[in-house]
Amino acid sequence: MNVTIIHGQNHQESSYHAGRFLVNQFNDVEELHEFFLPDDLPVFCIGCYRCMHEGEEYCPHYQYLKPITQAIESSDLLIFTTPVYCFHVSAPMKTLLDHYFTWWDSHRPKATMYNKQAVIISSGAGAGMKSAIQDIKTSLSHWGISNIKICGFRSQAIHWSDVNQKNKHNVQQKLIKIANSLKQPPHPQIKTKAMFMIMRVTQLKKWSACQKDYDYWQEQGWLGKKRPWKSYE
Ligand SMILES: Cc1cc2nc3c(=O)[nH]c(=O)nc-3n(C[C@H](O)[C@H](O)[C@H](O)COP(=O)(O)O)c2cc1C
(Lines give C-alpha, C1' and ligand atoms only; values in the text may rest on other atoms or scores of the structure.)
Protein backbone atom coordinates (compact mmCIF):
# COMPACT_ATOMS: atom_id res chain seq x y z
CA MET A 1 0.00 0.00 0.00
CA ASN A 2 1.20 3.52 -0.80
CA VAL A 3 0.43 6.28 1.68
CA THR A 4 0.60 10.07 1.47
CA ILE A 5 0.46 12.06 4.68
CA ILE A 6 0.00 15.81 4.51
CA HIS A 7 0.49 17.86 7.64
CA GLY A 8 -1.17 21.27 7.84
CA GLN A 9 1.71 22.46 9.99
CA ASN A 10 5.47 22.38 9.85
CA HIS A 11 5.97 21.43 13.48
CA GLN A 12 5.83 17.93 14.87
CA GLU A 13 3.39 18.08 17.75
CA SER A 14 -0.04 16.56 18.49
CA SER A 15 -1.55 16.29 14.99
CA TYR A 16 1.75 15.09 13.55
CA HIS A 17 2.21 12.40 16.20
CA ALA A 18 -1.35 11.16 15.78
CA GLY A 19 -0.81 10.92 12.00
CA ARG A 20 2.43 9.05 12.43
CA PHE A 21 0.85 6.71 14.97
CA LEU A 22 -1.77 5.82 12.36
CA VAL A 23 0.85 5.12 9.68
CA ASN A 24 2.66 2.82 12.11
CA GLN A 25 -0.46 0.64 12.40
CA PHE A 26 0.08 -0.65 8.86
CA ASN A 27 2.75 -3.24 8.15
CA ASP A 28 2.23 -3.23 4.39
CA VAL A 29 3.34 0.34 3.56
CA GLU A 30 5.53 0.22 0.46
CA GLU A 31 5.89 3.96 -0.21
CA LEU A 32 5.30 6.75 2.29
CA HIS A 33 5.15 10.32 0.97
CA GLU A 34 5.14 13.04 3.61
CA PHE A 35 4.53 16.77 3.18
CA PHE A 36 4.62 19.64 5.64
CA LEU A 37 2.70 22.84 5.04
CA PRO A 38 3.51 25.61 4.45
CA ASP A 39 7.11 24.43 3.79
CA ASP A 40 6.05 22.26 0.85
CA LEU A 41 3.49 24.74 -0.53
CA PRO A 42 4.49 28.20 0.66
CA VAL A 43 2.13 30.22 -1.57
CA PHE A 44 -1.58 31.08 -1.63
CA CYS A 45 -3.84 30.36 -4.59
CA ILE A 46 -3.99 33.69 -6.41
CA GLY A 47 -7.21 32.98 -8.27
CA CYS A 48 -5.69 33.29 -11.74
CA TYR A 49 -7.85 30.39 -13.05
CA ARG A 50 -5.01 29.11 -15.21
CA CYS A 51 -5.61 25.62 -13.80
CA MET A 52 -9.19 25.82 -14.95
CA HIS A 53 -8.73 27.29 -18.42
CA GLU A 54 -5.30 25.92 -19.39
CA GLY A 55 -4.66 22.91 -17.14
CA GLU A 56 -3.29 22.23 -13.66
CA GLU A 57 0.30 22.15 -14.90
CA TYR A 58 -0.09 25.84 -15.81
CA CYS A 59 -0.68 26.87 -12.20
CA PRO A 60 2.09 29.38 -11.32
CA HIS A 61 2.76 27.19 -8.26
CA TYR A 62 2.96 23.92 -10.15
CA GLN A 63 6.58 23.37 -9.07
CA TYR A 64 5.24 22.90 -5.52
CA LEU A 65 2.09 21.06 -6.51
CA LYS A 66 3.71 18.54 -8.84
CA PRO A 67 5.32 16.30 -6.20
CA ILE A 68 2.25 16.53 -3.96
CA THR A 69 -0.05 15.65 -6.87
CA GLN A 70 2.14 12.73 -7.93
CA ALA A 71 2.19 11.39 -4.38
CA ILE A 72 -1.57 11.73 -3.95
CA GLU A 73 -2.29 10.09 -7.29
CA SER A 74 -0.05 7.11 -6.60
CA SER A 75 -1.35 6.52 -3.05
CA ASP A 76 -4.05 4.19 -1.83
CA LEU A 77 -4.44 5.99 1.49
CA LEU A 78 -4.33 9.74 2.11
CA ILE A 79 -3.87 11.09 5.62
CA PHE A 80 -4.41 14.75 6.45
CA THR A 81 -3.46 16.21 9.80
CA THR A 82 -4.23 19.70 11.02
CA PRO A 83 -4.34 21.61 14.27
CA VAL A 84 -7.59 23.51 14.89
CA TYR A 85 -7.01 27.21 14.27
CA CYS A 86 -10.02 29.34 15.21
CA PHE A 87 -12.40 26.41 14.70
CA HIS A 88 -11.05 25.63 11.23
CA VAL A 89 -8.10 24.03 9.44
CA SER A 90 -4.74 25.73 9.50
CA ALA A 91 -4.33 28.36 6.77
CA PRO A 92 -1.64 26.30 4.97
CA MET A 93 -4.03 23.34 4.76
CA LYS A 94 -6.75 25.60 3.37
CA THR A 95 -4.22 26.83 0.81
CA LEU A 96 -3.56 23.27 -0.32
CA LEU A 97 -7.28 22.58 -0.73
CA ASP A 98 -7.76 25.81 -2.70
CA HIS A 99 -5.01 24.80 -5.13
CA TYR A 100 -6.93 21.62 -5.97
CA PHE A 101 -10.32 23.14 -6.67
CA THR A 102 -10.36 21.87 -10.26
CA TRP A 103 -10.29 18.33 -8.84
CA TRP A 104 -13.87 18.85 -7.64
CA ASP A 105 -16.55 16.73 -9.30
CA SER A 106 -18.09 19.92 -10.65
CA HIS A 107 -14.91 20.39 -12.73
CA ARG A 108 -12.39 17.63 -13.49
CA PRO A 109 -12.39 14.89 -10.84
CA LYS A 110 -9.59 12.31 -11.06
CA ALA A 111 -10.78 8.77 -11.73
CA THR A 112 -8.26 7.35 -9.26
CA MET A 113 -9.89 9.18 -6.34
CA TYR A 114 -12.87 6.85 -6.47
CA ASN A 115 -10.63 4.03 -5.28
CA LYS A 116 -8.83 5.81 -2.45
CA GLN A 117 -9.36 5.91 1.28
CA ALA A 118 -8.62 8.91 3.48
CA VAL A 119 -8.24 9.78 7.13
CA ILE A 120 -8.53 13.29 8.54
CA ILE A 121 -6.97 13.93 11.93
CA SER A 122 -7.39 17.16 13.81
CA SER A 123 -6.21 18.17 17.23
CA GLY A 124 -7.58 21.14 19.14
CA ALA A 125 -6.90 22.35 22.65
CA GLY A 126 -10.60 22.24 23.44
CA ALA A 127 -13.11 22.60 20.62
CA GLY A 128 -13.53 23.10 16.88
CA MET A 129 -12.23 19.75 15.67
CA LYS A 130 -15.52 18.93 13.94
CA SER A 131 -15.54 22.08 11.82
CA ALA A 132 -11.82 21.81 11.05
CA ILE A 133 -12.30 18.22 9.87
CA GLN A 134 -15.32 19.26 7.82
CA ASP A 135 -13.18 21.79 5.92
CA ILE A 136 -11.05 18.94 4.57
CA LYS A 137 -13.86 16.41 4.29
CA THR A 138 -15.87 18.67 2.00
CA SER A 139 -13.01 18.86 -0.51
CA LEU A 140 -12.16 15.16 -0.34
CA SER A 141 -15.80 14.18 -0.86
CA HIS A 142 -15.96 16.39 -3.93
CA TRP A 143 -12.68 14.93 -5.16
CA GLY A 144 -14.63 11.64 -5.31
CA ILE A 145 -13.32 9.91 -2.18
CA SER A 146 -16.08 7.93 -0.45
CA ASN A 147 -14.28 6.22 2.34
CA ILE A 148 -13.22 9.02 4.66
CA LYS A 149 -12.51 8.32 8.33
CA ILE A 150 -12.17 11.11 10.85
CA CYS A 151 -10.40 11.50 14.15
CA GLY A 152 -10.77 14.70 16.12
CA PHE A 153 -9.16 14.83 19.53
CA ARG A 154 -8.71 17.20 22.43
CA SER A 155 -5.08 17.87 23.28
CA GLN A 156 -5.61 20.39 26.08
CA ALA A 157 -2.02 21.29 25.30
CA ILE A 158 0.36 23.14 23.03
CA HIS A 159 2.98 20.35 22.88
CA TRP A 160 2.47 16.62 22.35
CA SER A 161 4.66 15.96 25.38
CA ASP A 162 2.11 17.85 27.53
CA VAL A 163 -0.91 15.89 26.30
CA ASN A 164 -2.09 13.81 29.25
CA GLN A 165 -1.97 10.01 29.16
CA LYS A 166 -5.76 9.66 29.06
CA ASN A 167 -6.11 11.86 25.96
CA LYS A 168 -3.17 10.12 24.27
CA HIS A 169 -4.65 6.72 25.03
CA ASN A 170 -8.08 7.77 23.70
CA VAL A 171 -6.75 9.04 20.40
CA GLN A 172 -4.54 6.01 19.94
CA GLN A 173 -7.48 3.67 20.51
CA LYS A 174 -9.54 5.60 17.94
CA LEU A 175 -6.70 5.40 15.43
CA ILE A 176 -6.22 1.66 15.94
CA LYS A 177 -9.93 1.16 15.19
CA ILE A 178 -9.66 3.33 12.07
CA ALA A 179 -6.57 1.43 10.87
CA ASN A 180 -8.41 -1.88 11.25
CA SER A 181 -11.40 -0.58 9.32
CA LEU A 182 -9.13 0.52 6.46
CA LYS A 183 -7.83 -2.98 5.89
CA GLN A 184 -11.00 -3.70 3.87
CA PRO A 185 -10.95 -2.63 0.18
CA PRO A 186 -12.86 0.63 -0.43
CA HIS A 187 -16.27 0.72 -2.12
CA PRO A 188 -17.57 3.94 -3.67
CA GLN A 189 -20.74 4.83 -1.77
CA ILE A 190 -24.15 5.68 -3.22
CA LYS A 191 -23.77 9.31 -2.14
CA THR A 192 -20.53 9.68 -4.12
CA LYS A 193 -21.99 8.01 -7.17
CA ALA A 194 -25.15 10.15 -6.94
CA MET A 195 -23.08 13.33 -6.76
CA PHE A 196 -21.09 12.18 -9.80
CA MET A 197 -24.31 11.56 -11.73
CA ILE A 198 -25.67 15.01 -10.83
CA MET A 199 -22.43 16.58 -12.05
CA ARG A 200 -22.63 14.49 -15.20
CA VAL A 201 -26.02 16.02 -15.95
CA THR A 202 -24.58 19.51 -15.52
CA GLN A 203 -21.91 18.60 -18.08
CA LEU A 204 -24.43 17.05 -20.50
CA LYS A 205 -26.52 20.17 -20.29
CA LYS A 206 -23.38 22.21 -21.00
CA TRP A 207 -23.64 24.04 -17.70
CA SER A 208 -19.88 23.42 -17.22
CA ALA A 209 -17.80 26.25 -15.83
CA CYS A 210 -15.60 26.08 -18.95
CA GLN A 211 -15.10 24.17 -22.19
CA LYS A 212 -12.09 22.36 -20.74
CA ASP A 213 -14.29 20.77 -18.07
CA TYR A 214 -16.73 19.52 -20.72
CA ASP A 215 -13.92 18.19 -22.95
CA TYR A 216 -12.42 16.37 -19.97
CA TRP A 217 -15.69 14.57 -19.16
CA GLN A 218 -16.02 13.69 -22.84
CA GLU A 219 -12.44 12.31 -23.01
CA GLN A 220 -12.98 10.20 -19.90
CA GLY A 221 -16.02 8.64 -21.54
CA TRP A 222 -18.17 9.71 -18.57
CA LEU A 223 -20.74 11.41 -20.80
CA GLY A 224 -21.25 7.96 -22.26
CA LYS A 225 -21.33 4.69 -20.30
CA LYS A 226 -17.95 4.80 -18.52
CA ARG A 227 -17.82 5.54 -14.78
CA PRO A 228 -14.67 6.30 -12.76
CA TRP A 229 -15.36 3.57 -10.20
CA LYS A 230 -16.23 0.81 -12.72
CA SER A 231 -12.74 -0.61 -13.12
CA TYR A 232 -12.56 -1.04 -9.34
CA GLU A 233 -15.81 -2.95 -8.80
C1 LIG B 1 -3.76 30.41 15.86
C2 LIG B 1 -4.29 29.35 16.78
C3 LIG B 1 -5.65 29.16 16.86
C4 LIG B 1 -6.18 28.15 17.68
N5 LIG B 1 -7.52 27.95 17.70
C6 LIG B 1 -8.03 26.94 18.45
C7 LIG B 1 -9.44 26.66 18.45
O8 LIG B 1 -10.24 27.31 17.78
N9 LIG B 1 -9.88 25.64 19.21
C10 LIG B 1 -9.02 24.87 19.95
O11 LIG B 1 -9.48 23.96 20.62
N12 LIG B 1 -7.69 25.10 19.96
C13 LIG B 1 -7.17 26.09 19.22
N14 LIG B 1 -5.80 26.30 19.20
C15 LIG B 1 -4.93 25.37 19.91
C16 LIG B 1 -4.44 24.21 19.03
O17 LIG B 1 -5.44 23.77 18.14
C18 LIG B 1 -4.05 23.00 19.90
O19 LIG B 1 -3.02 23.35 20.78
C20 LIG B 1 -3.66 21.81 19.03
O21 LIG B 1 -3.54 20.67 19.82
C22 LIG B 1 -2.37 22.08 18.30
O23 LIG B 1 -2.08 21.00 17.45
P24 LIG B 1 -0.58 20.72 16.99
O25 LIG B 1 0.13 20.31 18.27
O26 LIG B 1 -0.64 19.62 16.03
O27 LIG B 1 -0.09 21.99 16.44
C28 LIG B 1 -5.28 27.32 18.43
C29 LIG B 1 -3.90 27.55 18.34
C30 LIG B 1 -3.41 28.53 17.52
C31 LIG B 1 -1.91 28.74 17.41
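**Entry 1: the largest cavity**

I sorted the lining of the largest cavity by class and got five nonpolar residues, two polar and one charged. In this scheme Ala, Val, Leu, Ile, Met, Phe, Trp, Tyr, Cys and Pro are nonpolar, Asp, Glu, Lys and Arg are charged, and the others, Gly among them, are polar. The lining is made by Cys51, Glu56, Cys59, Leu65, His99, Tyr100, Thr102 and Trp103.

A note to myself: this is a predicted model, where local features need pLDDT of at least 70, side-chain atom pairs need pLDDT 80 or more, and totals for chains, interfaces and linings use all residues. Residues are numbered from 1 along each chain as its sequence is written, and side-chain values use heavy atoms, without hydrogens and water.

I then looked up the space inside: the largest cavity holds about 40 Å³. A cavity is a set of points, on a 1 Å grid over the protein atoms alone, where a 1.4 Å probe fits but cannot get out; lining residues have an atom within 4 Å of a point. Points join across faces, edges and corners, and the volume is the space filled by probe spheres set on them.

**Entry 2: the ligand**

A polar side-chain atom of His11 sits 2.5 Å from a ligand oxygen.

Notes: On a 1 Å grid over the protein atoms alone, a cavity is a set of points where a 1.4 Å probe fits but cannot get out, and a pocket is an open set with protein on both sides within 12 Å along at least five of seven lines; lining residues have an atom within 4 Å of a point. A polar contact is a pair of N or O atoms within 3.5 Å; within protein, one must be able to donate a hydrogen and the other to accept it, and residues adjacent in sequence count only if both atoms are side-chain atoms.
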